[in-house]
Amino acid sequence: MTSCGDHFKEETRRAAAALTPEERMQRALAIGKRDLEFFATVSGQTVEQARQGLAARRAADRRAAQKGWTF
């Protein structure tokens with residue numbers, strides 16, 4: 001027996017499969033932009049401050065991984 005969720009997942013899968021690679025990339029970038037704006041809002045920062053803070057965190061994580069540190 002299938003649920004509403006199963007139908008929704010299948011519908012979403014079909015819709016995504018119908019997109020061109022360029023359309024999928026545009027959708028992914030739009031989602032990322034929306035998420036960054038949301039993060040900036042809830043953390044009380046401007047979008048640019050949030051972007052810089054996240055970039056600094058990623059850089060720190062890469063440096064830690066290169067040195068073999070684990071968290």
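These legends accompany several close-up views of the protein chain.

The model is a predicted one, where local features need pLDDT of at least 70, side-chain atom pairs count only at pLDDT 80 or more, and totals for chains, interfaces and linings use all residues. Residues are numbered from 1 along each chain as its sequence is written, and side-chain values use heavy atoms, with hydrogens and water left out.

**View 1. Confidence along the chain.** The protein chain has an average pLDDT of 91, pLDDT being the predictor's confidence in each residue, from 0 to 100. A score of at least 70 is reached by 96% of the residues. Confidence is highest in helix α2 (residues 21-42), with a mean of 96, and lowest in helix α3 (residues 47-66), with a mean of 89. Helices here are DSSP runs (H or I, at least four residues), numbered from the N terminus.

View 2. Glu 10 and Arg 13 join their side chains in a salt bridge at 2.9 Å, N to O; the term means a side-chain nitrogen of Lys or Arg within 4 Å of a carboxyl oxygen of Asp or Glu. About one helical turn separates the two, because they sit three residues apart in helix α1 (residues 4-17). Glu 10 also forms a salt bridge with Arg 14, whose closest N and O atoms are 3.6 Å apart. Arg 14 is exposed, at a relative accessible area of 53%. Through shared partners, salt bridges link Glu 10, Arg 13 and Arg 14 into one network. Glu 10 is partly exposed at 32% relative accessibility, a class that lies between buried (under 20% relative accessible area) and exposed (over 50%), using a 1.4 Å probe and protein chains only.

**View 3. Neighbours that pair.** Arg 34 and Asp 35 meet through their side chains in a salt bridge of 3.5 Å, N to O. Asp 35 is partly exposed, with a relative accessible area of 41%. By the rule used here, the count is four salt bridges.

**View 4. A positive patch on the surface.** Arg 58, Arg 62, Arg 63 and Lys 67 gather here in a patch of positive charge. Patch residues have over 30% relative accessible area and no salt bridge, and like charges are joined within 9 Å. Lys 67 lies in the segment after α3 and counts as exposed because its relative accessibility is 56%.

**View 5. Glu 23 and Thr 46.** Glu 23 belongs to helix α2 and is partly exposed, at 35% relative accessibility. Glu 23 and Thr 46 are 23 residues apart in sequence and 28 Å apart in space, C-alpha to C-alpha.

Conventions
Patch = residues over 30% accessible without salt bridge, like charges linked within 9 Å, V, L, I, M, F, W, Y side chains within 5 Å. Areas by Shrake-Rupley, 256 points an atom, 1.4 Å probe, with all protein chains shown as cover. Lys, Arg positive; Asp, Glu negative; His and termini not counted. Charge placed at Lys NZ, Arg CZ, Asp CG, Glu CD.
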